[in-house]
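Thanks for coming. I will go through one structure, starting with its sheet and ending with its ligand.

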Amino acid sequence: MRSKTDKSVEPQRDGHAPLKKLAVIGAGKLGEGLLSGVLGSQLLPVGRVTATVAHQPRADYLAEKYGIRAGTHNREAVSGADVVLVCLKPQQVKGFLQEVKKDLRHDALLISAAASVTTEFIERELPFPVRSVRAMPNTPCLIRHGMIALARGKNATEADLKIANRVFSSMGRTVTVDEKHMDAITGLSASGPAYVYTIIESLAEAGVKLGLPRELSTELSAQTLLGASALVLQSGEHPAKLKDMVTTPAGCTIDGLLELEEGGLRVTLIKAVVRAAERARQLVDNQNK
Ligand SMILES: NC(=O)c1ccc[n+]([C@@H]2O[C@H](COP(=O)([O-])OP(=O)(O)OC[C@H]3O[C@@H](n4cnc5c(N)ncnc54)[C@H](OP(=O)(O)O)[C@@H]3O)[C@@H](O)[C@H]2O)c1
């Protein structure tokens, strides 16, 4: 019997075909976040989701927690799946493709979230013209506040991008980009949470230095970043204009900003993103050798 909340089998209001079977390969931190997002958004019912991992106890945990089929057999998981979501470590992707190339449906959409694995690489490894989409998420996806960039491979269609969008929009904000931008995006929004945590930690340390309790200081710091970020996104204003709104002439903030300029915060952050993007580029080059 069809459940009222089972949107995947209801007539699709947005005109998309319902997903029949989703296989999440490598359901670790990211993969579990995706599972949770997809199931929570009722994109498709639990009976149509299958997941794999390397170790049986982890599979048992996923099956128990989400009520899905979970195991360690990739070939079984991909067979019949119309969407295959690859959340493996980058170095495991090649072995996985070799393992399942005879079992993958030729019309399946393969979405890979593995860092530095290009759609060209995936296309080269499979003996048929696979439709693939590359995704670059970040860890806030785990609480559905992620930033996810999507890029399509040469055989993927607009409809495929829409499917990827439906899957990932359950985890946060999505953007569609040309794949050539993926290294920059890796350096900015995928590595970015680590930079932001360092900033939150530093601001909190400052509060502690000034006598605030650590827990309070961390809350003040994290909520300040959250609120300031939300204001950028919601107002659409240039960050410099929002900064000017805080900076009263001869007030306190301008003194703080002078310290930031002297400490080279801007240049340091720019260099951090550029270095991480260069590293992402190197990983792609190594993979293609
Ligand atoms: N975490 C992030 O913020 C983030 C952001 C962007 C992109 N990514 C990408 O997402 C991918 C996964 O990252 P992660 O942090 O989620 O890693 P992770 O937690 O280590 O997850 C990897 C999972 O793969 C499973 N696995 C290993 N070999 C397998 C095989 N042959 N077949 C099926 N499953 C297998 C592991 O199973 P066991 O648990 O049983 O060992 C584990 O659950 C990486 O490529 C990373 O670049 C992650």
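In what order do the eight strands of the open sheet come? The order is 3-2-1-4-5-6-7-8, with mixed pairing. Before going on: this is a predicted model, where local features need pLDDT of at least 70, side-chain atom pairs count only at pLDDT 80 or more, and totals for chains, interfaces and linings use all residues. Residues are numbered from 1 along each chain as its sequence is written.

Strands (E, at least two residues) and helices (H or I, at least four) are DSSP runs, numbered from the N terminus. Two strands pair if DSSP finds at least two bridges between them. Strand 3 (69-71) and strand 8 (172-176) are the edges, each pairing on one side only. From one strand to the next, the twist averages 20°; angles here run from 0 to 180 degrees between N-to-C directions, and axes are lines fitted to C-alpha atoms, for helices over the stretch in contact.

Strand 1 (residues 22-25) and strand 4 (residues 83-86) are parallel, over four bridges. Ile25 has Val86 as its bridge partner in strand 4.

Now the helices. Helix 8 (residues 192-209) packs on helix 9 (residues 214-235) at about 135°, with the axes 8 Å apart. That makes helix 8 oblique to helix 9, because angles under 35 degrees count as roughly parallel, over 145 as roughly antiparallel, 65 to 115 as roughly perpendicular and the rest as oblique.

Last, the ligand. It is surrounded by 27 residues, and the closest are Gly26, Gly28, Leu30, His55 and Ala115. A residue counts as near if its C-beta atom, placed from the backbone, lies within 6 Å. Helix 1 (residues 29-40) gives the most to this shell, three residues. By class, the shell has 15 nonpolar, nine polar and three charged residues. Nonpolar covers Ala, Val, Leu, Ile, Met, Phe, Trp, Tyr, Cys and Pro; charged covers Asp, Glu, Lys and Arg; the others, Gly among them, are polar.
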